[in-house]
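Subject: Structure for your files

Hello,

Here is the structure I said I would send. My notes on it follow below.

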Amino acid sequence: MTYHKYVVTAQKPTATQFAVKGSFTAPNDTNLVLGKGTRIEIYTLTPDGLKPTLEFSIYGTITAMTLHVPPGRDKASLFLLTARHKYCVLNYSESSQQVLTEASGEVLMPGEMRMETGNIRTAMDPSGIYFAATLYQNILTVIIPSECARNREGTNHRRRSSLKTRESRRRHSQTKSSTPQDFVHINLADMFVVSIAFLQNSDEPTLMVLYDTPVGHRFLELFTLDLRNRELVPYKMKPERFGRDANLLIPMPAPVGGVVVISGQYIRFIHPDKNPRAIGIRPCTINSYSIMDQSGSRIMLADTDGTLYLLAVTLDNKTVDRLSLISLGQIPLPSCLVYLDNDVVFVGSTLGDSQLVHIMECDDTTSGDVQLEVLEEFPNLGPISDFCVADLDKQGHNQLITCSGVGKDSSLRIIRNGVGLNELAAIEISGVKGVWALRPLFEDVHDDMLVISFFNQTRILQLRDSTMVPVESHSGLALDQRTLVTAVMVGNLIIQVTEHSARLVESTPDGNLLDEWKAPEGTQITVASVNPTQCVLSTGFGQLIALQVSNNRFEEIGQLEHEVSCIDISPTDTSLASSVVAVGIWGNVGVLLLSLPYLNIIAEEPLAGTVMPRSILMAKFEEICYLLVALGDGQFYNFKLDSRQGKLWDKKRTFLGKQPISLGSFTSNGTTHVFAASDKPSVIHSRNQKLLYSNVNLKEVRCVTSFNSVSFPDAIALTTKEGLLIGQMEEIQKLHITKIATVDTPRRITHQESTRTFGLVTESSQQQLSSNGKPLMGGFELIDDQTFAVLDRIYFQAPERPLAVASVVFDNDANTYYVLGTGKETDAYDAVGEGRLLVFTVKDRKLDLVFQIKAHGIVENIRPMDGKVLVTSRGQINIYSWETGLSGKGYLVSECSHTTPTVTTSVASCNDMIVTGDTVCSMTALHYNPKTHTIEDLGSDEMHQQVTAVEALSQDLYIGAEREGHLFVVERSPSDSTESFQEEPLLDTVSQWHLGEMVNQFRFGSLGVDNSDPDSQTVSSSIIFVATSGSIGMIVDLSAERFNLLRQMQSNMTRIANSIGELSHADWRNWSTVDHQELSCNVIDGDLIESFLDLTPQQMQGVVDGQNGGRKLDLSIEDLCKVVEELMSIHS
C-alpha cells in the first residue's frame, strides 16, 4: 500500500435534498431541478412524464438552491449555494446547449463559526435580487448576485481595455476597491434563527424572521433590510411569541402576502396589515411544502412521518378567510416537495426513494376518498449506514449489500456492476442446444419466429399477438433433426444446416424445399456459419466446404482440408457477402483467416494452451473490425482485423469465465454489441475505441440470439438451465440495484460464507411491544444470502438495543460464529452504560445461542482479528479469545483491554495492529502483543476531528474519514517506538483530500470484474466506501510514476475544461475547516480524470499540450485514453 491514492465515484449521490420547478432549459419548458449533494439533475415535464434532460456536478456540496426569473428574461436562472459558502448563478444556453455562469462569488467572514449545513436557513426575495442566508451563528448574510454579475462585466471590460501605465493601474485599483460588495453581513445579536421568509407583496425587501432568544423563547418578527447600515429594521408589527414547536414559515404569493406559520399543533396565517387565521392540527412535524397555484389557495404539506397533506386556503378579497387541512396519504419520508401539474407532485427524500405521485380525485377531497398513485420511483441508496462485499453467485462478481434508508423507507440494496436483463417472457424448456431468430421476409425489420434446436430435433415458436405459440411445421424445415444454424437469406429464403445437410427453403409457411446439399456418405456436418448469401461448413475428416446461394441453388465454391472447431462468415461491412472466413482450429490451437471463394489461408495466429476455440465471430465496433475468439476454458481473445489485406494484429487476451463460451451479436439502442454466453455471461462493447466487458446479471447462459420483434423491440432470446428467456438488455456499464424491503431499519450487516447467510442488526422503526408490554428496540436477523428471506429473528426489549455484529472464526475451532454486541443506557450520569456479547451458531438455518457474556459497557464495534474478536465499548477496547471447556462448550475470555478517550466510532485491524476512530481525538494506532496479552499506544493523529470511519491499509498506513467530508491517510513509522518517541507519539498525515460526502464505512473490495490479461499488470487491491448521500466510491493505490502523470494531467484539465459556476477545483479538494486549512496532497480526483473521455478532441489535445499555462505531457491522446480506461476498470 502507498500513500498515493486515486479516489473515484462509482455511484453518484442519490439522496434528494432540494427540488425546484421552473423554465430553465427553455422559456416554454417546465423543468424539475433536483439537488443531490454535489450533483444537479434536470428533468423536463412532458405528456409522457418526466424526461431526463441534463445532469452535471459542481465543485461544492449544495446547501441551498432556487430558480428565479431575472427582470427582462423569459427563462429562469439557477442560484446555488455550497457548504463552503460559495455561490453561483447559472443559466442554460439553448444555442450551445451548455450551462453558463452568470455570477459567482464567495461569502467570507474569517474567524466566525460556520453554521451546521442542516441549520442553514435561506430565502430569496420576490425580485430575485436578494438572497438571505444564515451562514454564520447570529449573522444574517444577504447575497446580491446581481452585484457580482455587474462586477464580472466591469472586470471583463477593464481587462479588454487595460492600460500598461502605472497611472492606469492606480486608477484601476481605485475603481476595483470602490466596487459594490456582493454580500452584506447583518449582526442578529441574540437571535437564533429558526426560519425566514421574504414577504411577496412588499415594494422593498421585507423579511419575516422566526427566532429563538437566549432564554429559549420563540418569536416571530417583521423587518426591512437596511443594507447601507447593515441592520434589520423592525417593521409594522410587534414581535409575536410562538411555541417551541413552530418551525416553518411559508410566504404567501402576492397579492395576499404575509406568511403561513407551521407549528406542531396548529397552522396560522400572519400578515402585518390583515387579520390572522388559524387551524388546529394533530401533532406532527411538517418539514416541506409546495404552493400549488399562483394565488396560494392550495398548499401541499408533508411531515417527517411521511404523511402528505393538502392545506386549502379560502381567499376573500385578497386575504385569507379560512384554513383547512386534509390528510392525503403516505409518501416517503420527505426532504422536499414540488407540485408539478395535474395533481402530480414530486416527493424528494434523503431517507428513502424519491417518488412521482399522482393524487387521485384531488378535487373531491371533502369525501375523504383520496388515493395516491406512484407514477415513478427514483432509487436512493442513502443514507447507507453499513455494507458488506460478497460474491453471492460464486462467479467472481462482487456485490455490495447495503443497509439503506430509515424507518418505513429502509431496505437492503443489492448492488452489482454489469448489465441487467429486463425479462419480458420466460418459457420452461430444457436440453436446448441452440436458438435463432427468423423474420418473414429478408427485407423485414422485425423477427417473428424462434427456431430452437435440441439433441435430435428442432422446434419453432412463432410470435402471435404478443404470445409465443408452438408451430408444428414451417416451409421445408426439417424438424426431426438437430439444427446447427439457420437464417433468412437474400430472396426470401431460409437456410437450415443440420448434421446431415444444408437445406434451402422458401420463407413462406407453406414454402417448398428448393435445394439440399448433403454431407458425403459416412460423414456429418459438425459446425457451420451462414450469411445472407453464403454458407461455410465443416464435415468430419477435416473437410471445409464453402457454398454460394445463387438462383435458389447451392453452388460449391471452395474446399479446404483442415480440422476446424468453429466458423464465422459474418460480413464486416454493409455488403451481403463476406470476402473472408474466420475459423478456429484444434490441431495446433489457433485461428485462421481464409479468403473466399477459394479458402486460401491469408492469416494465421496461434493461441496459448491446448484448449480449442469453441466460438468465433467477426464484428465491428466504432468502425473498427475485430476478430473475437472464445475458447473452451473461458479464455477470450480479440484481434484487430483487416479483411481486405488479410491481416490480424493487436492480440489481447482476457477471461470471461471457466466454461466454453458461445458468441452472438445483438443490437441495443441502435448500437451493436456481442453477447458472450457462458457460466459468467458478459456483454462485449466498445467505448472510445476500446473493447470493454460487462458481466450480465444472470447465473449461466448457454446460447443467445437477437430477437427484434414487434412485441419485443431490441430484445434478445437466450437459454439458461431453467429455460428460454426473452428480454431487453438494460443500460451498459451501470450499477444495477435490487431493493429488498425490510420491516425495521437495518444498521449493521455481515456475511457468513460458510452458512450462506447474512447477519443483520436492525433498529425498530415502529412502536412494537413484546408480550410483556415492553417496547422492542431492535433485532438480530438471519437472512438467506440467495433468496434474502428472513430465516430467524431475535428481538431485544427496551432499554437494550443490538448495535454491532461480526462473523468470526476463532483459533482452534472450525465453526463460524456470529458475535453480536448490545447496549443499554443505565442512567443519565453513566456515560459507559451496560452491554452484552452474544455468540450464535447457525443450526438447521436457525440461530442457536451458545454463549453470552457481559461487556465493559455499551458495545460500539466488533471486528474479527486473527482468530480472536476485537470489541470496542464506551471508553474501552477488549480482545476476546475463544476457549473450550471440559464439557466441550466454548466461551469468550477477555485477553486484554485498553482505555479509549471517548466514543469509538470505527475500528480496524491489520495483523496485530489496531486503529480506532474517535468522535473527538481523531485516529489512534495501537499494537496488540500476543505474548504479553497487552495493548499499547503507538501514536495518535494530532488533529482533533470527528472521525466517522477508519480502515487499516497496512501495518503502518491507515485511512480515515471525518464528519465534514474529508479523507486522510496517516502513517506510522515502523522504526518509531514508545521508548524512542516523545511523550505523545503522533501519526503523520501523508495524504488528505476533500470528498464532500460524509463517509460511514470502508471495506476492502472492488466493483469491477477482473477480466484482466494474466500476462499484463493488474490493478491493485482497492477500498470501497459508502456515504450518507447514497454515493459509493473506490480508493486505489497509485505508483509514484503514475501519480505524477495523473497529477499533471489533472492540473492541465482544470485549465482546459471550465468548471460550472466557476467554482475552483483546487479550493474544492483542499482541506478546509473552521480552524484548519491545508492544501490537498497525494490524492488524484478520479472523477475529473475519467471525464477526460468526455472532452472534445481539441480539448484532449489541449490537455496533452499543457495549454493555458499547463505542462506538456509525455503521452499521446491515445495513451492517456488507455490509462483512463485502465483506471475505470476498478469500478466498471
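Leaving aside neighbours within four places in sequence, Ala132 is in contact with Arg121, Thr122, Ala123, Leu140, Thr141, Val142, Ile196 and Phe198. Please keep in mind that this is a predicted model. Ala132 itself sits in strand 11 (residues 131-136). Its relative accessibility is 0%, so Ala132 counts as buried, the cut-off being under 20%. For a sense of distance, the C-alpha atoms of Ala132 and Asn417 are separated by 43 Å, and the two residues are 285 residues apart along the chain.

Next, the nonpolar cores. The largest one has 39 residues. Those with the most contacts inside it are Tyr6, Ile1032, Leu1046, Met1049, Ile1089, Phe1092 and Val1103. Several elements each supply at least two residues of this core: strand 1 (5-11), strand 31 (384-390), strand 84 (1022-1027) and strand 85 (1032-1037), together with helix 3, helix 5 (1086-1090), helix 6 (1097-1105) and helix 7. A second, separate core has 33 residues, among them Phe442, Met449, Val485 and Ile495.

Apart from neighbours within four places in sequence, Met1049 is in contact with Ile1089, Phe1092, Val1103, Leu1113, Leu1120 and Val1124. Met1049 also takes part in both helix contacts described below, that of helix 3 with helix 7 and that of helix 3 with helix 6.

Helix 3 and helix 7. The axes of helix 3 (residues 1040-1056) and helix 7 (residues 1117-1128) come within 12 Å and cross at roughly 110 degrees. Angles of 65 to 115 degrees count as roughly perpendicular, so helix 3 is roughly perpendicular to helix 7. The crossing of these two helices is left-handed. On the helix 3 side, Arg1042, Leu1045, Leu1046 and Met1049 make the contact; they meet Leu1120, Val1123, Val1124, Glu1126 and Leu1127 of helix 7. Seven of the residues in this contact are nonpolar, two are charged and none is polar.

Helix 3 and helix 6. Here the axes come within 8 Å and cross at roughly 130 degrees. Helix 3 and helix 6 are therefore oblique to each other. Their crossing is right-handed. Met1049, Asn1052, Met1053 and Ile1056 of helix 3 form the contact with Gln1099, Gly1102 and Val1103 of helix 6. The residues of this contact divide into four nonpolar and three polar, with no charged residue.

Regards

Key. Residues are numbered from 1 along each chain as its sequence is written. This is a predicted model: local features need pLDDT of at least 70, side-chain atom pairs count only at pLDDT 80 or more; totals for chains, interfaces and linings use all residues. Side-chain values use heavy atoms; hydrogens and water are left out. Axes are lines fitted to C-alpha atoms, for helices over the stretch in contact, and angles run from 0 to 180 degrees between N-to-C directions. Helices (H or I, at least four residues) and strands (E, at least two) are DSSP runs, numbered from the N terminus. Angles under 35 degrees count as roughly parallel, over 145 as roughly antiparallel, 65 to 115 as roughly perpendicular and the rest as oblique. A crossing is left-handed if the near helix is turned anticlockwise from the far one by less than a right angle, and right-handed if clockwise. Contact means heavy atoms within 4.5 Å. Ala, Val, Leu, Ile, Met, Phe, Trp, Tyr, Cys and Pro count as nonpolar, Asp, Glu, Lys and Arg as charged, and the others, Gly among them, as polar. Buried means under 20% relative accessible area, exposed over 50%, partly exposed in between (1.4 Å probe, protein chains only). A nonpolar core is a set of buried Ala, Val, Leu, Ile, Met, Phe, Trp, Tyr and Cys residues joined through side-chain atoms within 4.5 Å.
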